[in-house]
Amino acid sequence: MRLGEELLEDATRSKVIDYISHYEGPKIRIMEVCGSHTKAISEYGLTQILPPTMELVSGPGCPICVTPDAYLIDIRSYCQDEKNIIVCFGDLLRLPQMQGINRKRVRMIYSSLECLKIAAAYPDKQVIFIAIAFETTAPLIAWVIKKAKALNLLNLKVWCGLKRMIPVLNWISNQENIQGYLYPGHVAVILGEKIFTQISIDYGIPGVIAGFKMDELLVALARLIALCVEGKATCTNEYGNVVSSEGNILAQNQMREVFETRESLWRGIGKVPFSGYGMKEAYKNFEIIPSNEETGDSYNKMGLCLCGLVVRGRKKPQECPLWGESCTPMHPQGACMVTVEGACAIAYHFKEGGKNEESY
Amino acid sequence: MCIAVPGRVIAVYQEKARVSIWGIEEEINIIFLEDVKVGEWVLIHTGYAIGKIEEQSAKEAQAFLKSLGEH
């Protein structure tokens with residue numbers, strides 16, 4: 001198998017597609033945890049081959065989507081202070097809650113490494129990095145904090161909205177009706193296969209660690225059906241050329257050196273113990289702790305936005321009264337429509353079987 | 001967002017490497033990988049390599065795929 005080439009021969013791919021599309025039941029609800037999987041599945045048109053007995057639902061794997069309004073209001077308050085330079089990934093700025101902030105104080109970045117240069121460039125400002133991400137991104141953020149300490153860049157602060165995948169999957173497994181998981185491939189590169197297998201064993205829910213190419217996803221979906229049919233509460237690793245049993249130990253060690261776990265607030269879910277990262281004592285100088293007030297506003301002011309239920313697999317985007325009407329990628333009402341990996345944006349982009357030109 | 005892209009290593013420095021991502025060369029951070037060599041493929045996310053892309057050992061998957069024809 002070589003990079004850039006198709007992984008399956010045509011005949012094999014046809015057999016896999018047949019196997020998936022002819023699955024006759026019992027009905028299974030599969031959670032595609034990661035927004036990147038939701039996007040890839042839609043891009044490849046794989047929803048069109050699913051049998052009526054198989055339903056794919058979105059999960060909480062999009063960090064912007066699961067950051068609740070209480071935290072966004074807190075972030076906005078820092079944006080309004082002229083003493084601050086705000087550093088963030090791009091999606092944050094498209095959220096309705098961020099409209100009207102002074103963009104001159106904001107620096108959009110691709111890599112957290114850029115925080116160091118920005119903090120050095122503005123020694124008289126408090127440079128606040130809005131860290132909203134999962135474990136794929138967190139190791140580098142930990143390294144940046146450690147580097148900032150070594151360089152004595154005390155004006156760099158990290159608004160620490162980092163979230164952890166395993167505790168929220170444990171929560172979902174307890175609360176929602178899910179028969180299988182498409183586990184997040186790149187989080188698994190960091191955390192390893194074993195920790196996801198443990199979720200499957202603990203909750204009796206089969207899972208597959210999947211890659212992002214079309215053939216990888218086809219094989220993953222077929223494997224998942226097979227595990228469900230066989231009643232095997234385990235996990236198979238279909239991304240084995242990058243995901244190892246134990247994961248990236250150096251990255252895990254870096255996170256352990258800088259971060260400690262703490263409770264975090266999730267849109268649509270509420271408070272989940274140990275589901276966020278904060279900083280250990282040695283790095284507390286660099287931390288801004290998100291405001292912890294649960295205002296009960298997991299939904300927007302109109303009370304109609306269903307992002308909170310979409311991210312836990314309870315509702316599809318199309319079931320939201322705002323979706324496609326007052327809520328579109330050009331005029332998003334909620335987080336799931338803002339980011340390219342939000343379930344609502346993806347559903348809009350691929351609605352009616354084709355790409356929608358109005359969307360991003 | 002957890003998008004990661006494959007890149008081929010064309011030069012190795014200490015904490016960094018120069019990689020070719022679909023023909024475009026970039027410098028990335030390789031602090032979480034050991035013994036990175038020129039010619040290897042790595043998976044890159046937000047400016048750093050999260051893992052190496054190995055030759056896939058696909059025997060188990062191949063056995064599953066073979067079995068599909070028997071259903």
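Modeller: In this predicted model, A:Lys39 counts as buried because its relative accessibility is 18%, and the cut-off for buried is under 20%. Its salt-bridge partner is A:Glu43, with the closest N and O atoms 3.3 Å apart. A:Glu43, at 43% relative accessibility, counts as partly exposed. An α-helix has 3.6 residues a turn, so residues three or four places apart point the same way.

A second salt bridge joins A:Arg267 to A:Asp69, the closest N and O atoms being 2.8 Å apart. This pair links distant parts of the chain, 198 residues apart: A:Arg267 is in the loop between β10 (259–266) and β11 (270–279) of chain A, and A:Asp69 is in helix α3 (residues 69–79) of chain A. A:Arg267 is buried, with a relative accessible area of 3%, and A:Asp69, at 6% relative accessibility, counts as buried. Elsewhere, A:Glu260, A:Arg262, A:Lys284 and A:Glu287 are joined into one network by salt bridges that share partners. Over all chains, the structure holds 21 salt bridges.

Another of these is formed by the side chains of A:Arg13 and A:Asp215, at 2.7 Å from N to O. Here too distant parts of the chain are linked, with A:Arg13 in helix α1 of chain A and A:Asp215 in helix α9 (residues 214–230) of chain A, 202 residues apart. Both A:Arg13 and A:Asp215 are buried.

Helix α1 of chain A comprises residues 10–21 and reaches 16 Å from its first C-alpha to its last, close to the 16 Å expected at 1.5 Å a residue. Besides A:Arg13, the buried residues of α1(A) are A:Thr12, A:Val16, A:Tyr19 and A:Ile20. Seen down the helix axis, the buried residues of α1(A) fall within an arc of 125 degrees, so they line one face. The face turned away from this buried side carries the exposed residues A:Asp10 and A:Ala11.

How values were computed
Residues are numbered from 1 along each chain as its sequence is written. Chains are lettered from A and ligands numbered from 1 in the order in which they are written. This is a predicted model: local features need pLDDT of at least 70, side-chain atom pairs count only at pLDDT 80 or more; totals for chains, interfaces and linings use all residues. Side-chain values use heavy atoms; hydrogens and water are left out. Helices (H or I, at least four residues) and strands (E, at least two) are DSSP runs, numbered from the N terminus. The expected span of a helix is 1.5 Å times one less than its number of residues. Buried means under 20% relative accessible area, exposed over 50%, partly exposed in between (1.4 Å probe, protein chains only). The arc is that of the directions from the helix axis to the C-beta atoms. A salt bridge is a side-chain nitrogen of Lys or Arg within 4 Å of a carboxyl oxygen of Asp or Glu.
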